[in-house]
Amino acid sequence: MATSGVADRGSTERSSDTKIWNNPTVRGVFWQIVLIVAVLGSAAYLASNAIDNLARQHIASGFGFLNRESGFDISEKLVQYEPSDTYRDAFLVGLLNTFEVAGLGVVLATILGTLIGVARLSPNWLLRKLAQCYVELWRNLPLLLQLFFWYALLHVAAPGPRDAWNPLPDVFISNRGLMFPTPSADPSHKFIWIAFFVGVVASIGLDWWGRKRQEATGKPFPILAASAALIIGLPVLVLLATGAHMTLDKPVMQGFNFAGGSSFSPELTALLIGLVVYTASYIAEIVRSGILAVSHGQTEAAGALGLQRGLVLRLIVLPQALRVIIPPMTSQYLNLTKNSTLAVAIGFPDLVFVAQTQINQTGQAIEGIGIIMATYLAISLSISLLMNIYNARIALKGR
Amino acid sequence: MKRILASAVLTLALGTAATAEAGQTLDNIKSKGVLTCGVNDKTAGFGAADSAGKYAGLDIDVCRAVATAILGSPDKIKFVPLSAPQRFTALQSGEVDILSRNTTWTLGREAQLGLLFGPTVFYDGQGFLVKKSANIKSAKQLSGATVCVQPGTTTELNLADYFRANKLELKPVVIENLDEVENAFFTGRCDAYTTDSSGLASTRVSKAPKPDDYVILPELISKEPLAPAVRQGDDQFYDIMRWSVFALLQAEEKGITSKNVDAMLKSDDPDIKRFLGVTEGNGKSLGVDEKWAYNIIKNVGNYGEIFERNVGKGSPLKLERGLNDLWTTGGLMYAPPAR
């Protein structure tokens with residue numbers, strides 16, 4: 001029997017002889033089906049259990065509350081919102097506030113982090129050490145603590161609105177926030193926006209054409225000056241052509257507070273400073289490691305070709321460093337976005353803040369938490385997707 | 001906050017029938033030998049923990065009364081400090097058995113959140129605390145003012161309602177942590193701080209750098225009946241909670257105090273005899289010890305004693321009895337007959 005078994009195994013008809021449960025493909029599919037059924041089953045069990053428990057405890061469930069009047073006010077809003085609007089509108093206000101903080105935070109943290117990261121490698125001893133101190137200080141303190149610090153600093157150190165600091169004409173800093181004038185709306189302003197976008201599009205086209213020409217003829221094109229002229233010059237020309245309708249809406253002290261103009265509240269400012277300063281300390285290290293990852297031979301070779309220091313950085317080092325930098329940078333962007341939920345602690349009305357108020361007013365915690373989780377998952381996956389696309393574009397192409 | 005909320009949601013999802021089965025709450029309390037009570041730990045006079053971690057306040061004493069009725073001792077309690085947004089989820093999910101945390105009794109909270117409120121233990125109304133130097137005499141002058149408020153409270157909704165109704169412009173600063181929101185007000189981030197007027201009195205006395213620099217505006221903009229709450233589904237536990245509070249009122253009405261309760265055992269008044277369990281029956285009906293009311297009064301005192309010691313003349317808050325006086329002396333406190 002034993003010998004015949006060996007002979008069987010060695011034969012070419014092995015697959016037809018083996019039992020179906022010994023077939024690796026079948027087994028693989030079987031276990032995957034088992035896993036999926038187990039996961040879906042547990043999810044269904046948890047969901048039905050939760051529904052049963054809610055019904056037994058007479059707790060309302062479902063998303064019907066989204067259409068009900070919210071009844072609470074939100075101090076910072078990018079769109080019109082009143083307490084008589086619905087919970088849906090309140091969630092929108094919170095979501096836009098989250099976008100505002102995350103968007104501004106990512107841009108500012110990238111700029112600050114890159115500067116600090118480059119400074120970490122500076123030949124200047126003092127600058128290098130200062131940048132190191134910055135990183136070691138802010139990276140090693142808990143973010144929540146930093147937020148409380150900035151918030152306390154902003155509303156303890158700043159004066160009341162009546163004694164507001166006035167560093168520039170019509171710009172006021174007080175514990176009510178930073179107030180600054182903005183142009184009041186005028187019908188002619190839409191043409192200025194159109195001119196601005198035309199300028200941007202024209203600059204992109206010009207850049208493309210300039211590269212083509214440089215590749216063909218070797219003549220460089222002064223793209224920086226040209227696009228600056230287009231993007232700034234065109235709107236200014238339109239402004240003058242439409243009759244220079246430009247009046248400023250200035251903040252004026254009225255009763256308790258400033259009216260008119262625009263403002264950054266202490267809550268938003270503290271949150272932004274906290275997130276940017278904290279995340280920049282990580283980004284600085286990522287940038288530094290990225291630059292260090294480019295072999296020194298590359299820099300020396302570029303120098304040997306006669307390239308200037310700035311050009312070496314721009315043309316040789318950074319493009320290669322970016323490949324190392326982008327993946328961990330994606331994580332930092334995700335972290336910053338998720339950390340923005342700490343806004344609750346200092347009273348900035350982001351999405352989580354609105355959801356918590358909703359949870360407490362309606363008592364529907366599962367729905368509220370579901371909304372938070374779905375939204376942050378969507379935001380995070382979007383950021384990952386965009387960064388992955390960018391990463392694929394700059395990655396080494398295998399040839 | 002996140003931890004409690006997350007565990008609460010998990011309990012709702014994972015928990016089998018356990019937390020909601022009829023009679024289960026009471027059985028749980030008896031088998032564990034401890035009443036879990038959700039409280040405030042930062043509002044002096046109502047619920048606050050001292051430096052040694054010992055809780056004191058009017059809401060705390062309500063918990064002690066309920067624990068005494070069920071377990072015979074005012075100390076068989078586990079206090080769980082809860083923030084305003086945490087409290088209902090903690091109660092719904094069974095993290096606490098009873099919520100006694102200056103909570104306003106409203107229709108929505110009973111009907112939507114699946115709760116039952118006991119008798120009102122403090123009749124309150126929402127007010128505003130402002131700096132004296134701001135020279136504000138009425139809440140109607142607050143248009144454009146920045147107002148500090150805690151989220152997820154009836155306070156937040158009343159504030160929006162009041163400013164809407166009076167066509168005033170509102171700039172709320174909403175912070176969850178009580179210390180942080182009070183700090184924001186005292187450092188000048190806000191022109192006014194709003195909550196129940198009892199809470200304002202407590203904040204003014206216990207947190208203000210100089211209490212005399214701050215005044216409470218005369219307007220009360222809402223009705224805030226503060227009451228303890230339990231989950232729906234265990235009617236017997238609910239009854240015990242209600243009658244424990246009524247016992248406090250009944251004792252004050254009959255002149256029974258923690259000092260004279262032993263002497264009162266010899267009283268000839270049939271009402272007092274029934275109340276203190278000398279004539280048996282009430283305890284059996286409720287499913288607790290016949291001496292339940294005696295134990296409560298002996299250990300915790302009657303409502304008047306609790307009031308004076310925590311928020312009245314004997315406390316830093318020095319609140320008047322006002323609406324919280326007995327019905328016999330012009331207030332709203334009234335207990336149904338205990339028979």
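Modeller: Chain A is assigned domain 1 (2–56) and domain 2 (87–141 + 266–394); such bounds come from an automatic or database domain assignment. This is a predicted model, in which local features need pLDDT of at least 70, side-chain atom pairs count only at pLDDT 80 or more, and totals for chains, interfaces and linings use all residues. Residues are numbered from 1 along each chain as its sequence is written, while chains are lettered from A and ligands numbered from 1 in the order in which they are written.

Biologist: What separates the centres of domain 1 and domain 2 of chain A?

Modeller: Taken over C-alpha atoms, the separation is 43 Å.

Biologist: How are two packed helices described?

Modeller: By the angle between their axes and the distance between the axes. Here helix H4 (residues 87–120) and helix H9 (residues 266–293) of chain A pack at about 45°, axes 6 Å apart. Helices (H or I, at least four residues) and strands (E, at least two) are DSSP runs, numbered from the N terminus. Axes are lines fitted to C-alpha atoms, for helices over the stretch in contact, and angles run from 0 to 180 degrees between N-to-C directions.

Biologist: Which word describes how H4(A) and H9(A) lie to each other?

Modeller: Oblique: angles under 35 degrees count as roughly parallel, over 145 as roughly antiparallel, 65 to 115 as roughly perpendicular and the rest as oblique.

Biologist: And the contact between chains?

Modeller: In chain B, 42 residues are in contact with 40 residues of chain A, contact meaning C-beta atoms, placed from the backbone, within 7 Å. H1(B) gives the most to that side of chain B, six residues.

Terms used:
Two residues are in contact if their C-beta atoms, placed from the backbone, lie within 7 Å.
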